[in-house]
Amino acid sequence: MTTRPALDELGLATGKKARLHRILHRHGLCNGTAIFLPYDQGLEHGPRDFFANPAASDPKYVISLALEGGFNGIAIQIGLAEKFYWDFAGEVPLVLKLNGKTDIPAIDPLSPVNATVRDAVRLGADAVGYTLYVGSPAQEHDFRQYLAIRDEARELGMPLIVWSYPRGPAVDAKGGKDSFYAVDYAARTASELGADVVKVNFPHPEKQDGVPAPYQGKFSSQQAIEAVVRSANRTLLLVSGGERAGDAAMLEKARQSMEAGATGLIFGRNVWQRDHDESLRFVGQLRDILAKYPS
Amino acid sequence: MTTRPALDELGLATGKKARLHRILHRHGLCNGTAIFLPYDQGLEHGPRDFFANPAASDPKYVISLALEGGFNGIAIQIGLAEKFYWDFAGEVPLVLKLNGKTDIPAIDPLSPVNATVRDAVRLGADAVGYTLYVGSPAQEHDFRQYLAIRDEARELGMPLIVWSYPRGPAVDAKGGKDSFYAVDYAARTASELGADVVKVNFPHPEKQDGVPAPYQGKFSSQQAIEAVVRSANRTLLLVSGGERAGDAAMLEKARQSMEAGATGLIFGRNVWQRDHDESLRFVGQLRDILAKYPS
Amino acid sequence: MTTRPALDELGLATGKKARLHRILHRHGLCNGTAIFLPYDQGLEHGPRDFFANPAASDPKYVISLALEGGFNGIAIQIGLAEKFYWDFAGEVPLVLKLNGKTDIPAIDPLSPVNATVRDAVRLGADAVGYTLYVGSPAQEHDFRQYLAIRDEARELGMPLIVWSYPRGPAVDAKGGKDSFYAVDYAARTASELGADVVKVNFPHPEKQDGVPAPYQGKFSSQQAIEAVVRSANRTLLLVSGGERAGDAAMLEKARQSMEAGATGLIFGRNVWQRDHDESLRFVGQLRDILAKYPS
Amino acid sequence: MTTRPALDELGLATGKKARLHRILHRHGLCNGTAIFLPYDQGLEHGPRDFFANPAASDPKYVISLALEGGFNGIAIQIGLAEKFYWDFAGEVPLVLKLNGKTDIPAIDPLSPVNATVRDAVRLGADAVGYTLYVGSPAQEHDFRQYLAIRDEARELGMPLIVWSYPRGPAVDAKGGKDSFYAVDYAARTASELGADVVKVNFPHPEKQDGVPAPYQGKFSSQQAIEAVVRSANRTLLLVSGGERAGDAAMLEKARQSMEAGATGLIFGRNVWQRDHDESLRFVGQLRDILAKYPS
Amino acid sequence: MTTRPALDELGLATGKKARLHRILHRHGLCNGTAIFLPYDQGLEHGPRDFFANPAASDPKYVISLALEGGFNGIAIQIGLAEKFYWDFAGEVPLVLKLNGKTDIPAIDPLSPVNATVRDAVRLGADAVGYTLYVGSPAQEHDFRQYLAIRDEARELGMPLIVWSYPRGPAVDAKGGKDSFYAVDYAARTASELGADVVKVNFPHPEKQDGVPAPYQGKFSSQQAIEAVVRSANRTLLLVSGGERAGDAAMLEKARQSMEAGATGLIFGRNVWQRDHDESLRFVGQLRDILAKYPS
């Protein structure tokens, strides 16, 4: 059992509800939970992320993995969607990532838009993704381009998943990007700005250097992720895997997140930076956790 | 086994393929066949169609029936979609019917557009429907409004199902609206004009008064429907139930259609003009037929 | 108590729900019922309608009457709204009638648009009105202009009230414009095409000349209006007063309508073609009926 | 009695008058005064503002509080409006806040737009809110985005409430953001730029370090707030509660403001950072004050 | 007699000529001269400018003064125009000031646009005003926004009055903002950029610190203002009163200006910072001067 809200309690318009229903109840475990496979690291970090498992350099391999692993969706950029999704169209939901950046220039964090919600509709996607850099000095620019996408997503009934990432020098000075404070603020910001789903990092309540006073108390991980889920309120919450880390720790984070009322997980490198069978074995462990939190 | 083409042999763009995949392989029998429930008769004929089974006057009852009966989609007008589909969003595919008319005025057959492909996208539909009156004196107007919809459907990756109906005085004078000649021509017209799926009546090769010479030979029903499927070529073909008729005859038509390579059936009044249990019993018989023609 | 659906069961988007809530629960009896004062007869029939009570020629008099009488809204054309509504802005809800016509030329029934939903928003209206002539040979043109208004109303969250009027030679030949058949079809057509509220005449089941077979049975007035309310399903139903008639008959029609699940009444000439005190006395009787059907 | 102008003396177009009439005369005390509940702090400050009363983290709780407390409106961002206002649509007026920011990055004060006046119309809002940072080095950018919103609000008849906040290093150097000088200038700026309503902090005439000479005289609080109301002229004035402070002081500010001709109050944290019953008790005291200033 | 050009010698398009004719020949002295009342100081300086005469804080008082004093126009910002001009519409010409700023932040001189020429047309204005800061480091931005307004004014036949003000550190270093050099350059710049009318300060030829060599000779005030008028060529010239100063000096400046071929005066604080009767007395003296320079 879970405390997370059902789809019909979220104030969703018809198209968004239809598409989220498909993702959450007709794919993966079909139990209202979700695990997504993000595969935009080729743009965000470059091919270096594929050196650990060269097979993962091939989009066809990774999308196949999403199918085999019973994922609820694959999140990719427009180029890969145009060239590779046809082969799998309708078999695994497509989350078209609408913005992205290289990590080469040292500039204010901002993820420029490179595709439209219309592109997503045209390709038969079931959701779009947008990276918002909460706390960036480029906030004004970020909010403006986000507004256009939120509005187009609304007009086309397309669920909007916000990668809500604390970033920038002020974030670094206030506990860093995965402090409880930063992650909590990021979840709430996505909700305030109208995300249907928000992707956050797992919060670290022990990172307290420079965080506002209310966050300087003693909080367990479980308490922190529960607060973050509450901050997201009617915005469904996904917990990100982030960089590859130890399996036991990852699984415990996943368990705590689901216990707190998260809707699911979005794990990329932790999955496809292993060899094929290892990937599926690890995904199986994640699915075992999700299976315990039907809605 | 069937002779009908697989989805990846139809020249479909990604979005259309994704949506048709969902309809054909993730709903109903999930075997590439389909049975649709059309429910636009409240507009086309008025409430008189519901006197046989007053419960069917309630759109919620009929959409529920589509769910219970394992249909691959429900075809309705914008008003019912706006007000009733939310309750079922994503549970059964929506085919938004984009045009329709009352049967009151005595004018040249033409079905005016009352909704857009954008409406369909916004509501999370998986296909749109358009009634084309093949043979109508209003053909020029019909083709023009069809063009706009075909184009918008293409831009948004939305499968276009054409209700291809022979109509008008010239059709009446050449064997009538369900002659082999008329149905065959209607199937080919839909294909020539870019339909992804075409809905036709079952052809009657024995209706030969006034039909062109090539159709005046002796054809079995099976030969006729096979020819019609060939005329549709890469446009998937659905056979319509039409007015309510004897069950045995209907089932035999369904069997012959599937044998000929049709993709499925679209049965409305034959289903919901019965009481609830009878409806499901009859649908069960139709599904037994479809189950024999996986792809 | 009543069988009519509550606002939150109608599949309404937020803005439409907010505006209908204001009309139904914050004006008039504030009990979910409504009585509207239509005042577009100056365009539809010309000033001749005001000869019975010359004071009613003055829009300020009639809008004041709506306030005094505790109406839930006043339905007027753009010209009167621009010049007279400021004086009463927000005190009584404005229903901006978007189309209308003179009754002078003998042409196919069609009510041309003369204002936009944006006009209605700009003037602070809480609903817009559109006259649809069900059965008119001009059906295609009517549906097309209706589509644009339905869509704009949706985009702006503005409730759409359809004056659903059977008209045209085919209607005349099939029982006339207020037969049970015609009114029933009109109610369903408005629902199929997405009206939020439909205004119909009270049905006359005894008018059976030329109506389809199902309507040739024996139906009481009460049965007929109940069927019409069902045909409108999630579209709220208002019963029109039409031409001025005997009070007892009008009140009985009103009672039957509310008993059947109608949301309310829309009475114009029956109200303002009397002198001031008589108008208020009659409205008081109508309000007594509405008071018995809270939701 | 009050000296503040009546709605029909403000030069308002019809739609703005209708909507302000609803807010001021059909909600709250219905006497021309208003008390608004602002709830955008989740974006402006992050969830830390909810630690004092965790229940207030839930938007549904806070909007319910607005209803229970008899507020004239709730001011929220687009995300919460989309997901939570439907439940209360029309029961309490919605003020859609069109811009907002996180307080994380250290940049020139500017509140980026994240929603449109059309969004507000669509959601059935009765007003929109815009934060203008008077004195910010980003003034040029601020004025430009404000212009677009003022213009769209005018076209759609939507009242525009300006959060007129002195900010920036020059403000800090001239008496600070709540000096009489700064607040007075902020009120006038909103009026010059066409706000219909302006929200200001209560002026502190004792803060005189660096303020222009005319403000270096001896002014009582009452004189200061009276001058500020005059500076706003035909722009209705709301006094902000700001950070939570002592009740007696808050109530005295409220009384002085109303005495000076303010239209009302906008109190957020002072209300919802208490537990439920305490919130209502405090609001009751504010309402007692407003009740003495009908118009 | 005057040397200034008549309206039909200025190369004006029809609409601009019609509106300038109204200003110059049907208001004020109706003799081709003009005296304007600028009232944008509430934005430019804040309410402190009204402390000298608190009545002047009320826009209604000041516009009434313009009527009583026989002014040819009142120059105000959009907010006051929207809320106060209706009361006087058509009685005194409106000059809608399209840009303006607060004087709080210490940034490069630039006056951001807050209204459009369309606003001016909509409100029945007879001219628009734009402040150009000649010499500002923000020149590029200033010219760009000026271009858009000049173009819109041309398309709509609206006379464009440029407040041509030398500003910025380079101006301060070269004789200051009212040196002959600076004022002369400002007049010519407005003419080069297409102003129909230019407002300048009275030139001070004795301010020579840092001015270019040609301006370091000995010039009388009269010579200087004559040169400035020549620099403006077919752009009509208005001389600004600036801060309040001694009456005799002001009147002499006015006389010299008119003698030089200026079209008129634009005096604000010198007028309304006095009490009512004093204002009118002073204006009477200015009108006596203008009366001597008919065209």
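In the predicted model, Lys83(E) is buried, with a relative accessibility of 4%, where buried denotes under 20% relative accessible area, exposed over 50%, and partly exposed the range in between (1.4 Å probe, protein chains only). Asp196(D) is likewise buried, at 3% relative accessibility. The side chains of these residues, Lys83(E) and Asp196(D), form a salt bridge with an N to O distance of 2.9 Å; a salt bridge is taken as a side-chain nitrogen of Lys or Arg within 4 Å of a carboxyl oxygen of Asp or Glu. The pair crosses between chains, joining helix H4 (residues 78–84) of chain E to the loop between helix H8 (180–192) and strand E6 (197–200) of chain D. Helices (H or I, at least four residues) and strands (E, at least two) are DSSP runs, numbered from the N terminus. Because the model is a prediction, local features require pLDDT of at least 70 and side-chain atom pairs count only at pLDDT 80 or more, whereas totals for chains, interfaces and linings use all residues. Residues are numbered from 1 along each chain as its sequence is written, chains are lettered from A and ligands numbered from 1 in the order in which they are written, and side-chain values use heavy atoms, with hydrogens and water left out.

The interface of chain E and chain D contains four salt bridges. One salt bridge between these chains pairs Asp87(E) with Arg234(D), with the closest N and O atoms 3.0 Å apart. The contact (heavy atoms within 4.5 Å) involves 40 residues of chain E and 39 residues of chain D. About 3100 Å² is buried between the two chains, 60% of it from carbon and sulfur atoms; buried area is the accessible area (1.4 Å probe) lost by two parts on being put together, summed over both. Phe51(E), Lys83(E) and Ile104(E) contribute 24% of the area that chain E buries against chain D, more than any other three residues.

Over all chains, 112 salt bridges are found. Within chain E, Asp103(E) pairs with Arg48(E) at 2.5 Å between the closest N and O atoms. Asp103(E) lies in the loop between strand E3 (94–97) and helix H5 (117–122) and Arg48(E) in the loop between helix H2 (41–44) and helix H3 (59–68), so the pair ties together parts 55 residues apart in sequence. Asp103(E) is partly exposed, at 24% relative accessibility, as is Arg48(E), at 25%.

The largest nonpolar core comprises 170 residues, and those with the most contacts inside it are Ile74(C), Leu237(C), Ile74(D) and Leu237(D). Such a core is a set of buried Ala, Val, Leu, Ile, Met, Phe, Trp, Tyr and Cys residues joined through side-chain atoms within 4.5 Å.

The number of disulfides (cysteine sulfur atoms within 2.5 Å) over all chains is zero. The sulfur of Cys30(C) is 10 Å from the closest cysteine sulfur, that of Cys30(D), which is too far for a bond.
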